[in-house]
Amino acid sequence: MTDIGWRQSEVRVSLAEPGDYWRLLKPRVMSLVVFTAFVGLIVAPVPVDPILGLVSLLAIAVGAGASGALNQWWDADIDAIMSRTAKRPIPAGRVTEQETLAYGLTLSAFSVMTLGLAANWFAAFLLAFTIFFYVVVYSMVLKRRTAQNIVIGGAAGALPPVVAWAAATGSLAWPPVVLFAIIFVWTPAHFWALALLRCEDYARAGVPMLPVVAGEDATRTQILAYSLLLAPVGVMPWALGFAGPVYGVVATLGGAIFVAAALAVFVRREGAAARKACGRLFGFSILHLFALFAVLAGERLAASF
């Protein structure tokens, strides 16, 4: 069953194995969420009890996984059409939609309640909002209606360090807002580099990603614009004084390389060279974000000894 009719399909018997439920959590995305949330805890200006920190990270991880499961429940129809997602548990016929919905809702409730009881209810509210934003605002409302889906929807992926900071402090401040801004500005260039490589997939599924709606040339221009914006935003933790000189160097050099990679995507528009440039930008974007957060955490941990 590969047509767009999943939500009208009959109830089916589950053929799921434990690994299928793990794949429903989108573990690659979840690992990035846990990492950025960990940095949010580390940079908080208060000592965090190790047990509280571990439970908070677990709750945030489960919340991210719940979002991934609910996203796959809602997107089962288009996942079946796109080659990149056709082997996911629902379109592959191993997990039913009903199971996935129950699974995602249960994990969502568990993660929010756990964070509220272990840390504070302000952090729990932010986690609940993050899940709502990703599932309802991005997946249900934006993804199939606007080419700016990933720009606005990227806020959900940028919130984990804010949630973690709130779990540690019970409040908000400029540092987590800056961390949010880094991830938020990073997301469009990162995702559109992949979208250029998967443009036909999105067009076949009817998803209005920017390359499908505005064209590949306009997408390349937007990628370059966001990379130019990311370069100074990435340096802000050092400029505002909550990161050290090592971070400043890494952010400056990484931002310059990111811009150069985006410029290569802008210039190389045809054939294998264009695809290679997109692949390089996509790969480096992951490395760049990891380096920024890893150095920030490393500096803070080194300062504590």
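**Entry 1: charges**

I started with the charged side chains and found 21 positive and 16 negative ones in the protein. Here Lys and Arg count as positive and Asp and Glu as negative, while His and the chain ends are not counted. I then looked up the centres of the two sets, which lie 6 Å apart. For this, a charge is placed at NZ of Lys, CZ of Arg, CG of Asp or CD of Glu.

A note to myself on the source: this is a predicted model, where local features need pLDDT of at least 70 and side-chain atom pairs count only at pLDDT 80 or more, though totals for chains, interfaces and linings use all residues. Residues are numbered from 1 along each chain as its sequence is written, and side-chain values use heavy atoms, with hydrogens and water left out.

**Entry 2: overall build**

Which secondary structure does the protein have? I noted 14 helices and zero strands. Helices (H or I, at least four residues) and strands (E, at least two) are DSSP runs, numbered from the N terminus.

Next I checked the size. The C-alpha atoms fill a box of roughly 60 × 50 × 30 Å along the principal axes. The radius of gyration is 20 Å, which agrees with a compact globule of 305 residues, because such a globule would come near 19 Å. That radius is taken over C-alpha atoms, and the globule rule is 2.2 Å times the number of residues to the power 0.38.

Of the 305 residues, 51% count as buried. Buried means under 20% relative accessible area, exposed over 50%, and partly exposed in between (1.4 Å probe, protein chains only).

**Entry 3: two domains**

I looked up the domain assignment and got domain 1 (18-172) and domain 2 (173-305). These bounds come from an automatic or database domain assignment. The contact between them takes 33 residues from domain 1 and 31 residues from domain 2, where contact means heavy atoms within 4.5 Å. The domain centres, taken over C-alpha atoms, are separated by 21 Å.

I also checked contacts between residues at least 6 apart in sequence: 74% of them join residues at least 24 apart.

Ile60 sits in helix α3 and is buried, at 3% relative accessible area. Leaving out residues up to four places away in sequence, Ile60 touches Val33, Ala37, Leu127, Pro160, Val163 and Ala164. I also compared Ile60 with Val235: they are 175 residues apart in sequence and 26 Å apart in space, C-alpha to C-alpha.

Is Asp75 buried or exposed? Asp75 is buried, with a relative accessible area of 0%. Asp75 belongs to the loop between α3 (50-74) and α4 (76-79). Beyond its neighbours within four places in sequence, Asp75 is in contact with Ser139, Lys143 and Arg144.

Val259 lies in helix α13 (residues 245-267) and counts as buried, at 19% relative accessibility. With neighbours within four places set aside, its contacts are Leu224, Ser227, Leu228 and Ala231. The C-alpha atoms of Val259 and Ala225 are 9.0 Å apart.

Lys26 is in the loop between α1 (18-24) and α2 (27-43). Its phi is near 50 degrees, a positive value in a residue other than glycine. Most residues other than glycine have a negative phi. Lys26 is also buried, at 14%.
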